[in-house]
Amino acid sequence: PYRFSDQFYAGARACIPVVISVAAYGIVWGVLARGTGLSLLEVVLMSGLVFAGSAQFVALDLWTATPATLPIGPLVLAALIVNLRYLLLTATLRPLFGRGEQARGALIMGIVSDETWAMTVAEMAKGRGTVAFLLGGGVFAYTCWLATTVIGHALGSAIDDPTQYGLDFAFTATFLALLL
């Protein structure tokens, strides 16, 4: 007995503090992606289809400016290994879905991030977690990630050497924060 829209907006509101950090490392990723030679279209496709910042930072480490030498196999394998945790994370969200909703649940899991998972699990512990809450936070975080990686790509033209500002350390810092 909850309204989808109320829960959706509650999830989005709960995600506001998270989106600030998502925006920060989205911009950093966009800057680094441009410095690695990714075009705006490649940034949009990668951020839109992958939506996993840690895997995207790993991919940038493996990316080369020459497409003929791009190590696709190791790049995909590294992304899969980094994202294996999502099998366990999303399995804990199974109680949100009723019988026969496996296909719907699997589609929705594509919008789950570490942050939106944590917020939704906390709501579930209070008896308030819903699919709508998960989607509200997820859609907001996804939109922010996509927009800020594009902004970062645009800003990348003004930054000659991202390592000069320590931006190359962003993935390591993000991963350490996730571990904590």
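**View 1. Arg128 pairs with Glu123 in a salt bridge, with the closest N and O atoms 3.0 Å apart.** A salt bridge here is a side-chain nitrogen of Lys or Arg within 4 Å of a carboxyl oxygen of Asp or Glu. We're looking at a predicted model, where local features need pLDDT of at least 70, side-chain atom pairs count only at pLDDT 80 or more, and totals for chains, interfaces and linings use all residues. Residues are numbered from 1 along each chain as its sequence is written, and side-chain values use heavy atoms, leaving out hydrogens and water. Arg128 sits at 43% relative accessibility and counts as partly exposed, while Glu123, at 13%, is buried. For those labels, buried is under 20% relative accessible area, exposed is over 50%, and partly exposed is in between (1.4 Å probe, protein chains only).

**View 2. Glu123 also meets Lys126 in a salt bridge, at 3.8 Å from N to O.** Lys126 is exposed, with a relative accessible area of 54%.

**View 3. Over at Arg3, the salt-bridge partner is Asp6.** The closest N and O atoms of Arg3 and Asp6 are 3.7 Å apart. Arg3 counts as exposed, at 54% relative accessibility, and Asp6 as partly exposed, at 41%. As a general point, side chains of opposite charge can pair when their charged atoms come close.
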